[in-house]
Amino acid sequence: MENETRNQWAGAHDLWLEVFLIFNFACLTGDILLAHSENSFRNRAEYIPLWFSGAAAVLLVIGLASRLRSQSLARWKWIGYGVGWISIGVGIAGVGFHLESGFFYEHTLKSLTYAAPFAAPLAYVGLGCLLLMNRLVPFPTREWARWVVLFTLGGFAGNFGLSLSDHAVNGFFRWTEWIPVFSCALAVGFLLMLFAGEESPTFSKLCALVLVLQIVVGTTGFALHALADLHGPSKNFEQNVIHGAPPFAPMLLPNLAILGLLGLLALDRVAKQAHART
Amino acid sequence: MSFRSVFIAIVIAFALIIGALLVQRSRPRGEVDQPNAEFVKATGKCAECHSRQQYSIVHEFEMSKHATEGVTCLDCHQPQKGQEKDKIEHNGFQITAHITPANCRVCHEQIYQEFVRSRHAAPSWAAVFGAEGLTAEQAEFAENLHPGYVKRPANALAKLEGPSAIGSGCASCHSVGKPHEDGTIGNCTACHTRHTSSVAIARMPRTCGQCHMGPDHSQIEIYEESRHGILFAAQGRLLNLSAAPKSLTTRDMFVPTCATCHMSGLNGFKVTHNPGERLSYFLADPITKKRPQYTEAQQNMKQICNQCHTKPFIDRVYTQAEQVVTSTNEKVQKSLDLVAGLRKDGVLGTQPYQQPIDFVAFDLWHYDGRTSKHGAFMGGADFVQWHGNYELLKKQVELNSMAEELRAKHSHGK
């Protein structure tokens, strides 16, 4: 039985992707709680992503469990489709709401900088699309792996904008604030070439190295953000966390790196299978 | 793997990085050249919220000189020494919502030092509240500068009118000299407004007219009647009211407002936030005396007058005005003597403002005497005569008649 379970997970990148998605929705619950606390949940709509993230994580766990236990894909699929489409809707609406905080009134770089982070809700769009893709695209195929790479690329492009606009709020007061911008740009460059068709083993290894670098940058960022909050202007640590440097934001880099590594592993597996056939 | 792919990947990364650096570089210096990250954040984060809640204050601030000079909300709202009690946690910032001169003086110390020596400071407060609220040190400091005007009892008339009249009435103007727990005195925003922090608004006659109006200190009405006021009504829009105080010339202000004559550093003369530096008499007093720095103050004012008028003209105005001061003093003294006589003879009680005659006597100097003197110095002919001397004459006759009646009643009652 234990072996059977182990076999079920071994090389099943689609299952790992599902776990990745569940983990992300669960983390988003806490992230939204912190992020929207900054605004004291002034707009009732700010509760939508909070409740949705929690519910999505629970529903996806139920779907995954039913797939693993009964070997039936139907419930897993339909839960995924439902959560996926709602997630995309929540994300698109979120971008609108975030821009409404200032940018729609004054179309300037400054208002874009200090408005609520407009790229942040796109995380829901990305997760929703990944859920749909994981059900619509057969696994293991090159197409599946390339979709994962594309979403990772999109994630890093978004995170490039996010780390740029987030640190612009501080005017990049410390030079270290440029590090995530540089590292995201590097990830975008390499993943773009990977997606463009450069899938040679050596280039894939280079891409993996770039992704490992993101893990280092992200965890360092987490430590730096936590330190900044410890020495924030408020005596209250909770206030510093809510209104200061978001401690979990840099963890988006390792998170995306894991997704990218999943894509790379899947690409490698498909390449090996093709090689074995020939 | 081709080297070309790695090269392109790096070029893409560099292009993104250079784009990011260029965007950051294009930001206004005022936004990013700040003492710390918190101040950079304050250049936009405060407005992001408050423009949705109180749009006007953000808009007013954005139009201000402060905004163009890169001053942030936090520059003014950060708690200063002595403001610990007012410190509040506000969305990641520690601020004070209660702005006092302690906040303004961080950048404008000299102006504060001039202001705190003026009669707009402690004497203005003490005129209503006495020395109440002032620390012993503040009272001592101000009393030394203005003997008799600070260590004085609270205003007897205001006390009779009650706290609501004082709170919504007297205090609105006399708070310009309010003492604060942080040890400062005053309210810069009374003239400069809050988020506009405007020199132009402070130079508008109507700003001074917020308080210097009405029968007891009718400066704005006198100004509006004067040639100065008429010219301002006609040409005010052509003036450069926003000109920098230290380089203000008659090219900017070719028509004077209150501030031009009483405070501005016109054509290189010293700018001051102590209008007393150019005032030679205590015109607001029942019996007007020369100020201690009479000669210097008159010279200062005449220098300003001289930027538009010839010396003979200025001397004539001063001579005539001083004649009005002398004659008004005589008329007021006569009324004061009359009431004092009644009180001495036991015709009136010991407490003031108990009999109609008390109010006629009070109005005589407080309304008509002041109006006549102010009108004489400010070119308000009608205020010297109809609103001033005519009323002085009329009220003296009324006083005489009332005094006679009271004395008759008093002797009849014996």
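User: Where in chain A is A:Pro140 found?

Analyst: A:Pro140 is found in the loop between helix H6 (122–136) and H7 of chain A. Note that the model is predicted.

User: What makes the peptide bond between A:Phe139 and A:Pro140 a cis bond?

Analyst: Its omega is about 0°, and the bond that joins A:Phe139 and A:Pro140 is cis. Most peptide bonds are trans.

User: How do you know that the length of helix H8 of chain A agrees with its number of residues?

Analyst: H8(A) covers residues 179–195, which makes 17 residues. The expected span takes 1.5 Å times one less than the number of residues, so H8(A) should span 24 Å. The end C-alpha atoms are 24 Å apart, and therefore the two values agree.

User: Why is H8(A) called mostly covered?

Analyst: A residue is called buried when its relative accessible area is under 20%. Twelve of the 17 residues of H8(A) are buried, among them A:Pro180, A:Val181, A:Phe190 and A:Leu194.

User: What covers these buried residues?

Analyst: The cover includes helix H7 (142–168), helix H9 (201–230) and helix H11 (252–277) of chain A, together with helix H1 (3–25) of chain B.

User: Which element gives the most to the side of chain A that touches chain B, and how many residues take part in the contact?

Analyst: The contact takes 42 residues from chain A and 37 residues from chain B. Between the two chains there are nine residue pairs in polar contact. H8(A) gives the most to the side of chain A that touches chain B, with nine residues. The residues of that side divide into 22 nonpolar, 14 polar and six charged.

User: What is the count of salt bridges between chain A and chain B?

Analyst: The count is zero. To be counted, a side-chain nitrogen of Lys or Arg must lie within 4 Å of a carboxyl oxygen of Asp or Glu. The area buried between chain A and chain B is about 3300 Å², and carbon and sulfur atoms give 65% of this area.

User: Why is B:Thr193 called partly exposed?

Analyst: The range for that term lies between 20% and 50% relative accessible area. B:Thr193 has 26%, so B:Thr193 is partly exposed.

Technical notes
Residues numbered from 1 in each chain as written. Chains lettered and ligands numbered in written order. Predicted model: local features only at pLDDT ≥ 70, side-chain atom pairs only at ≥ 80, totals over all residues. Heavy atoms only, no water. Helix = DSSP H or I, 4+ residues; strand = E, 2+ residues; numbered from the N terminus. Buried < 20%, exposed > 50% of the residue type's maximum accessible area, 1.4 Å probe, protein only. Contact = heavy atoms within 4.5 Å. Buried area = accessible area lost by both parts, 1.4 Å probe. Polar contact = N/O pair within 3.5 Å; in protein donor to acceptor, adjacent residues only side chain to side chain. Nonpolar A, V, L, I, M, F, W, Y, C, P; charged D, E, K, R; others polar.
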